[in-house]
Amino acid sequence: MHVMAINGSPRKNGNTSALIHAMLQGAAAAGADTSEAHLHTLDMKGCMGCLSCRTKHGICAQKDGLSPFLEAMKSCDALIVGCPIYMYRICGQMKLFVDRVYSLYTPKEGGGYNSAVPAGKRFAMVISQGAPGQEQYERSIRWLAGMAGTGLGMREVGRIIHADSHVAPASQNEALLREAEAIGRRLAGQ
Ligand SMILES: Cc1cc2nc3c(=O)[nH]c(=O)nc-3n(C[C@H](O)[C@H](O)[C@H](O)COP(=O)(O)O)c2cc1C
């Protein structure tokens, strides 16, 4: 059982990281192996638009620090995707990741897409934002869950939207950390 996290926050000790780490701890306590891609410190590029993945299905021709993590999306058992909101949308590091995930959407005869990710994986999400209303960025958050998780055939088992982050940092919010741990255990099948 392998639970992998894709962390889009540049801040290794920030809010997104605290919540992702709590999820990974929950998963580890339930017996899972865990790993984390910290996108900001990876030597990674955005999609180069070569469309090689339209013929070589499930394979991104851009080889860099993200490549092993894109590959692991096919083999892991559960995935966490987390990032802060920047300028009313997901942060740029996460957008680069989502564009590369295009390689995991394979063209379907007659239109639409199939997934290069085997079915049956679990998925969870973490979002941190300064604004108080959890519903404020609902469209962006729903889009991210679709593109990086459920659209690939994964089943979402939990989502944390950490709002008002300037007032209440995630690392000091015990209830939220416990919720993240519980989601982590669900990711590991407990
Ligand atoms: C460049 C930048 C843009 C931001 N834009 C928004 C925004 O549009 N809406 C919002 O609610 N918070 C915004 N924030 C605040 C972050 O979302 C917030 O501080 C979040 O908790 C950061 O997460 P982190 O600690 O995981 O990095 C912005 C922060 C930065 C640095």
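This is a predicted model: local features need pLDDT of at least 70, side-chain atom pairs count only at pLDDT 80 or more; totals for chains, interfaces and linings use all residues.
The pocket is lined by Ser9, Arg11, Asn15, Thr16, Pro84, Ile85, Tyr86, Ser128, Gln129, Gly130, Ser165 and His166. Two elements, H1 and S3, each give two or more residues to that lining, and S3 gives the most, with three. Sort the lining by class and you get eight polar residues, three nonpolar and one charged.

Now bring in the ligand. Around it sit 17 residues, and the closest are Arg11, Thr16, Ile85, Tyr88 and Tyr137. Arg11, Thr16 and Ile85 also turn up in the lining of the largest pocket. As for secondary structure, helix H1 (15-29) and strand S3 (78-86) each supply at least two residues of the ligand shell. S3 again gives the most, with three residues. By class, this shell has nine polar residues, seven nonpolar and one charged.

What about the polar contacts? Start with Arg11: one of its polar side-chain atoms lies 2.7 Å from an oxygen atom of the ligand. With Tyr88 it's the backbone that takes part, with a polar atom 2.7 Å from a ligand oxygen. Gly130, another residue of the pocket lining, also uses a polar backbone atom, which is 3.1 Å from an oxygen atom of the ligand. Taken on its own, the ligand has 640 Å² of accessible area, and the protein covers 76% of that.

Terms used
Residues are numbered from 1 along each chain as its sequence is written. Side-chain values use heavy atoms; hydrogens and water are left out. A residue is near a molecule or strand if one of its heavy atoms lies within 4 Å of it. A polar contact is a pair of N or O atoms within 3.5 Å; within protein, one must be able to donate a hydrogen and the other to accept it, and residues adjacent in sequence count only if both atoms are side-chain atoms. Accessible areas come from the Shrake-Rupley method with a 1.4 Å probe; for residues, only the protein chains shown count as cover. Helices (H or I, at least four residues) and strands (E, at least two) are DSSP runs, numbered from the N terminus. Ala, Val, Leu, Ile, Met, Phe, Trp, Tyr, Cys and Pro count as nonpolar, Asp, Glu, Lys and Arg as charged, and the others, Gly among them, as polar. On a 1 Å grid over the protein atoms alone, a cavity is a set of points where a 1.4 Å probe fits but cannot get out, and a pocket is an open set with protein on both sides within 12 Å along at least five of seven lines; lining residues have an atom within 4 Å of a point.
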